[in-house]
Amino acid sequence: MIEVENLTKQFGSKRAVDHLTFTVRKGEVLGFLGPNGAGKSTTMRMITGFIPPSSGDARVCGISVIDDPTAAKTRIGYLPESAPLYNDMTVTGFLRFCAEVRGIRGKERNEAVERAIETCFLGQVALQSIDTLSKGYRHRTCLAQALLHDPEVLVLDEPTDGLDPNQKHEVRQLIKRLGATKAILFSTHILEEVEAACSRAVIVDRGRIVADGTPSELLEQSGTGSLNDLFRRVTTRDTEAAA
Amino acid sequence: MTSLTIYKRELGSYFSQPTAYAIIVIFLALSMGLAFSFGNFMRIGDASLEWSFFFWHPWIYMLLAPAVGMKLWADEQRNGTIELLGTFPLSTWSAIVGKFLAAATVWLAALVLTFPIVLTVNYLGDPDNGAILSGYLGSFLVCCTFLAITMLVSACTRDQVVCLIVSVALCVTMVLCGYDDFTRELGKAVSPAVVNAVTSIGVWEHFRSLNRGLFRLQDMVWFTSAIVVCLLGTSAILSAKRA
């Protein structure tokens with residue numbers, strides 16, 4: 001469902017993403033791990049068509065994001081890293097706007113918005129202005145936006161970042177549930193999440209894949225039975241990278 | 001269709017916050033105040049609005065039009081919502097058109113609300129209402145040109161204050177170039193060819209003929225091309241920034 005082939009992004013002299021190749025199939029939740037600055041967000045931005053790759057291609061449901069970005073974008077739900085929202089709107093108003101931009105109108109739109117509000121537990125704040133929301137609600141509002149059109153592919157950039165433990169648990173359960181019928185790519189720093197929600201995980205470092213496998217395979221690779229150890233072994237610390 | 005959705009959101013954002021009301025009230029106060037004080041509306045004894053009323057509009061727009069347009073892209077870039085827009089299945093162009101029309105609508109509302117002065121001249125004298133309508137058209141086109149320039153600048157920066165200052169500087173230049181007193185002084189210093197070149201970027205020549213009730217194709221072409229060039233430039237800058 002997501003096929004990434006030799007995806008590369010060059011920013012000036014810095015190669016943020018270096019010939020990355022992986023696939024995410026339907027019914028699979030792929031955890032995307034790596035230190036800050038490893039190229040996770042850049043990869044996601046290229047898959048969702050926000051920035052063009054320097055070379056290589058990404059296909060979503062067989063549609064290339066380079067050849068037909070608009071068609072590819074209709075298949076993707078995307079949660080950007082900082083969960084950006086229009087602060088001057090209400091939660092319902094914002095979701096209605098997002099649905100309309102995606103061509104969902106009239107009765108269908110209201111149903112889609114209601115469904116998304118229910119899925120993301122936003123009922124309590126549905127009519128509240130977005131600038132009054134707490135971080136957890138902001139995050140979930142942006143997640144709701146990604147689910148409106150019931151996309152086949154979900155790309156979630158740090159969906160649990162800044163949430164409290166209860167909210168983290170809910171979001172993980174949600175990802176797991178949605179993963180049964182969709183292809184999900186999500187990035188995270190929290191290694192326990194891999195075991196809790198992913199069917200497979202890759203670790204990227206400096207734009208390249210350095211480890212790939214199911215959570216149990218990765219645990220085996222670590223030798224010590226701790227993902228933390230594996231992560232620290234295969235990735236570069238930013239203090240070393242600078243040297 | 002997506003342009004319409006963007007248009008509705010932007011317009012909603014102008015009117016759900018104090019921006020539009022503040023601009024409209026200040027515009028009405030300034031335009032009426034100037035017409036009745038320096039414009040000598042009562043003493044001049046002329047039932048046209050050319051000198052007493054429309055003359056002041058470019059001077060007001062050069063300061064106020066950027067205040068309406070400055071947030072259009074600067075805000076999206078600061079809040080990161082540009083990442084949402086960029087991953088929705090819509091073209092940059094339809095977002096640009098929607099946003100531009102929303103800002104223009106705010107100004108159209110402000111202009112429409114100056115109607116009492118039209119009623120007043122009709123009550124006091126026997127004006128040429130065709131010329132007044134043409135004056136309104138000229139005034140609106142000057143405003144739209146300034147809005148388009150502001151939009152271009154706002155695509156370049158994420159800082160609204162920088163956008164405001166730079167756009168005001170550009171608009172002031174366009175008002176001063178081609179203003180009679182300024183070109184006369186300039187003529188003493190440089191050759192006529194330079195004066196002509198400077199005058200051609202000014203708005204007065206085109207505004208004045210419309211203001212006199214003279215509808216010339218060349219003025220339409222000038223205003224339209226200025227607006228279209230700025231909007232195309234906006235599109236180019238936004239795509240260049242993402243690459």
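A residue is called buried if 20 or more other C-beta atoms lie within 10 Å of its own, exposed if 12 or fewer do, and partly exposed in between. In this predicted model, A:H19 has 14 C-beta neighbours inside 10 Å and therefore counts as partly exposed. This histidine belongs to strand β2 of chain A, and its phi is near 45 degrees, a positive value in a residue other than glycine.

A second case of this kind is A:D150, which is not a glycine and yet has a positive phi of about 45 degrees. A:D150 sits in the loop that runs between α5 (135-147) and β7 (153-157) of chain A, and because 13 C-beta neighbours lie inside 10 Å, A:D150 counts as partly exposed.

## Chain A as a whole

Chain A contains ten helices and ten strands, and its C-alpha atoms fill a box of roughly 50 × 40 × 35 Å along the principal axes. A compact globule of 243 residues would have a radius of gyration near 18 Å, and chain A, with 18 Å, agrees with that value.

Of the 243 residues in chain A, 47% are buried. When contacts between residues at least 6 apart in sequence are considered, 66% of them in chain A join residues at least 24 apart.

## Two domains

The domain assignment divides chain A into domain 1, made of 2-75 + 151-242, and domain 2, made of 82-150. The C-alpha centres of domain 1 and domain 2 of chain A lie 25 Å apart, and the contact between them takes nine residues from domain 1 and nine residues from domain 2. On the side of domain 1 of chain A that touches domain 2 of chain A, there are four nonpolar, three polar and two charged residues.

Strands of a sheet pair through backbone hydrogen bonds, in either a parallel or an antiparallel sense. In chain A, four strands form an open sheet in the order β2-β1-β4-β5, with antiparallel pairing. Strands β2 (14-24) and β5 (63-64) of chain A stand at the edges with a single partner strand each, so one side of each is left without a neighbour in the sheet.

Within this sheet, strand β1 (residues 2-11) and strand β4 (residues 55-60) of chain A run antiparallel and are joined by five bridges; the bridge partner of A:E3 in β4(A) is A:R59. Helix α1 (residues 40-47) of chain A lies across β1, β2 and β4 of chain A, and runs at about 120 degrees to β1(A).

## A parallel pair

Strands β6(A) and β7(A) pair in the parallel sense over four bridges, and in β7(A) the bridge partner of A:I76 is A:V153. In a regular strand the side chains alternate between the two faces of the sheet. From strand β6 (residues 76-79) of chain A, A:I76 and A:Y78 point one way while A:G77 and A:L79 point the other way, and all are buried.

## The contact between chains A and B

Where the two chains meet, 18 residues of chain B are in contact with 19 residues of chain A. Helices α1 (2-16) and α5 (81-87) of chain B each supply at least two residues of the side that touches chain A. By class, that side of chain B has five nonpolar, ten polar and three charged residues.

Definitions and conventions:
Residues numbered from 1 in each chain as written. Chains lettered and ligands numbered in written order. Predicted model: local features only at pLDDT ≥ 70, side-chain atom pairs only at ≥ 80, totals over all residues. Rg over C-alpha atoms; globule rule 2.2 N^0.38 Å. Contact = placed C-beta atoms within 7 Å. Pairing = 2+ DSSP bridges. Axes fitted to C-alpha atoms, helices over the stretch in contact; angles between N-to-C directions. Nonpolar A, V, L, I, M, F, W, Y, C, P; charged D, E, K, R; others polar. Domains from an automatic or database assignment.
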